[in-house]
Amino acid sequence: MAWQQLAAAQPLLIGLILLWSASGKLIGPDVAEQAKKTALPRLVGEQRAAPVYRTVGGIEVVLALALLLPPVSILKPLAAAALFVGFTGYLIYAKLVVPEASCGCTGAAAKPVGYRAIARASLLLATSLATLTTTEGWWSAGPATLALLLEAAAYVVLSAELDRYWLLPLRRLRVRLSHPLAGAKSTGTPLAATQRRLMHSPAYRAVTGLLRSDIRDYWDDEDWRYVSYTAKYDGRPATAVFAVPHTGDAVRVAVVDDDSGQTLYRPVALPA
Amino acid sequence: MTTTMDRRALLTRAALGATGLVAASAMGSLAPEAAFAADQPFAVAGQPDPNFAEGLITGRNKDLLQVQGSDGRLHKIQLTGVTSIWKLRPTTIDEARIGDGLYARGVKLPDGVLAAESVWLNIVNLDVMVNSIGRSSLNLDHHGQKVVGHVQPGITAAVYNGTPAVSDLTLLKVGRHVQVIGAWRPGTNEIDIATIYAAG
């Protein structure tokens with residue numbers, strides 16, 4: 001009896017989900033664009049993708065209304081089961097053949113086909129098959145209707161499009177309570193900070209025309225970080241070495257001859 | 001290694017001004033052909049820049065790299081002791097391996113070989129959403145594709161709202177868009193993060 005009622009309640013859930021899914025395929029200014037991102041162009045051709053996408057939406061609306069409204073007929077869940085067999089097959093095809101394609105399952109959100117989408121289509125297939133075992137309408141299901149809440153929750157969990165409404169807020173809360181990267185902080189100055197300070201320094205401006213490479217080497221020694229670049233001075237291969245202080249002081253630079261090791265150029269009296 | 005240390009010691013003294021200054025001309029003038037040999041040919045509008053190459057390293061013979069460009073062109077790239085190599089951070093030329101992606105800038109020699117001055121290995125610049133944060137990595141979403149971003153202690157830095165880079169990553173938030181500069185791990189969807197640009 002309980003199973004009968006549970007089975008009888010299913011069309012309500014399936015109908016509402018189909019309506020939601022169809023709305024994404026039919027309403028909105030960029031439906032044609034969405035259709036292009038799915039695996040449909042590959043399956044039915046570029047030209048036919050948008051009409052097919054809309055037609056599927058139309059079928060979903062008709063089927064949803066048929067499931068939600070009386071009379072009860074075995075044909076309705078049978079049609080739904082056929083549709084979900086089609087969806088599941090399409091998703092498996094898309095996952096294998098066009099893995100970068102959007103699922104296009106529930107319209108607007110463009111998420112690639114994942115195992116969750118396939119599991120979700122299978123769940124809907126199972127519920128529509130369950131409906132085949134009853135002759136009651138969902139309006140006579142009574143308290144069994146509450147079980148739909150659980151199924152709806154499972155549906156939400158399997159919907160990548162809905163993650164931002166529950167999964168991301170949960171993760172945000174977790175990160176706020178205890179940030180997982182709190183222990184990753186290191187004591188040294190990041191090279192990116194040194195590089196930025198360097199590039200804004202008068203010393204860098206003084207020699208920028210001589211530099212030929214990106215940072216070649218860097219090292220720390222006492223209160224300074226040293227950064228070297230390949231340079232060319234008066235046609236000679238050279239190295240420009242910057243001394244960037246950890247605190248205070250101005251950035252210094254010298255251009256050193258690669259062969260002799262002698263200092264060729266050192267700008268003095270740089271503006272602060 | 002000793003030479004690296006010696007060199008660093010020399011450069012350290014030079015940078016701090018502990019060495020005397022010598023005029024370049026005092027070292028003897030360079031022959032004109034030598035001085036002009038290094039002059040770089042300029043890029044012609046509509047033509048590929050001759051001094052730039054990108055692609056995948058398909059072969060390495062000592063310090064000569066064979067690179068297959070993404071446009072199908074083949075490049076030969078010579079690394080030298082003065083080439084700067086970036087692979088998540090400035091490193092040495094030994095780090096250039098077959099399978100690595102490469103950007104190189106240098107001087108095209110008459111024999112067609114590009115003498116590299118700067119090389120960037122596996123560098124990526126991605127606009128991503130932070131999907132979740134773990135103890136040593138971030139799960140990122142790059143236009144629907146999952147990318148794992150590994151945090152490397154002592155290297156990974158964050159820039160919040162354009163302020164100077166810091167190693168503190170605790171201002172990163174789930175669900176936010178960030179820009180990530182990092183080094184791709186070839187053959188995977190994983191990167192090591194060099195710098196992450198975020199709104200604080």
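User: What's the helix and strand content over residues 113-132 of chain A?
Analyst: In this predicted model, that stretch of chain A is 85% helix and 0% strand. Its end C-alpha atoms sit 28 Å apart.

User: What does UniProt call that stretch?
Analyst: The unreviewed UniProt entry annotates residues 113-132 of chain A as "transmembrane region", and gives residues 74-93 of chain A that annotation too.

User: OK, and how does 74-93 of chain A come out for helix and strand?
Analyst: Residues 74-93 of chain A are 95% helix and 0% strand. From end to end, the C-alpha atoms there span 29 Å.

User: Switching to helix packing. At what angle do H1 and H4 of chain A cross?
Analyst: Roughly 155°, with the axes of H1(A) and H4(A), the latter being residues 46-68, coming within 8 Å. That angle is over 145 degrees, so H1(A) counts as roughly antiparallel to H4(A).

User: Left-handed or right-handed, that crossing of H1(A) and H4(A)?
Analyst: Left-handed.

User: Which residues meet there, between H1(A) and H4(A)?
Analyst: From H1(A), the list includes Leu12(A), Ile14(A), Gly15(A), Leu18(A), Leu19(A) and Ala22(A). On the H4(A) side you'll find, among them, Val56(A), Gly57(A), Val61(A), Ala64(A) and Leu67(A). Charged residues also take part, including Lys25(A) in H1(A) and Arg54(A) and Glu60(A) in H4(A). By class, the H1(A)-H4(A) contact has 14 nonpolar, three polar and three charged residues.

User: And how far apart are the axes of H1 and H7 in chain A?
Analyst: 10 Å. H1(A) covers residues 2-26, H7(A) covers 147-157, and they pack at about 40°. The pair is therefore oblique, and this crossing is right-handed.

User: Who's touching whom between H1(A) and H7(A)?
Analyst: Leu6(A), Ala9(A), Leu12(A), Leu13(A) and Ile17(A) come from H1(A). Their partners in H7(A) are Ala147(A), Leu148(A), Glu151(A), Ala152(A) and Tyr155(A). Nine residues of this contact are nonpolar, none is polar and one is charged. Leu12(A) turns up in the H7(A) contact and in the H4(A) contact as well.

User: Zooming out, where are the domains in chain A?
Analyst: Domain 1 of chain A runs over 2-172, and domain 2 over 191-265. Their C-alpha centres are separated by 62 Å.

User: What about chain B, how is that divided?
Analyst: Into domain 1 at 50-121 and domain 2 at 123-198. There the two centres are 26 Å apart over C-alpha atoms.

User: How many residues are in contact between the domains of chain B?
Analyst: Ten from domain 1 of chain B and eight from domain 2. On the domain 1 side, strands S6 (101-108) and S7 (114-121) of chain B each supply at least two residues. That side of domain 1 has five nonpolar, two polar and three charged residues.

Notes: Residues numbered from 1 in each chain as written. Chains lettered and ligands numbered in written order. Predicted model: local features only at pLDDT ≥ 70, side-chain atom pairs only at ≥ 80, totals over all residues. Domains from an automatic or database assignment. Contact = placed C-beta atoms within 7 Å. Helix = DSSP H or I, 4+ residues; strand = E, 2+ residues; numbered from the N terminus. UniProt positions renumbered as here; feature names shortened; annotations may be inferred. Axes fitted to C-alpha atoms, helices over the stretch in contact; angles between N-to-C directions. Parallel < 35°, antiparallel > 145°, perpendicular 65-115°, else oblique. Left-handed = near helix turned anticlockwise from the far one by under 90°.
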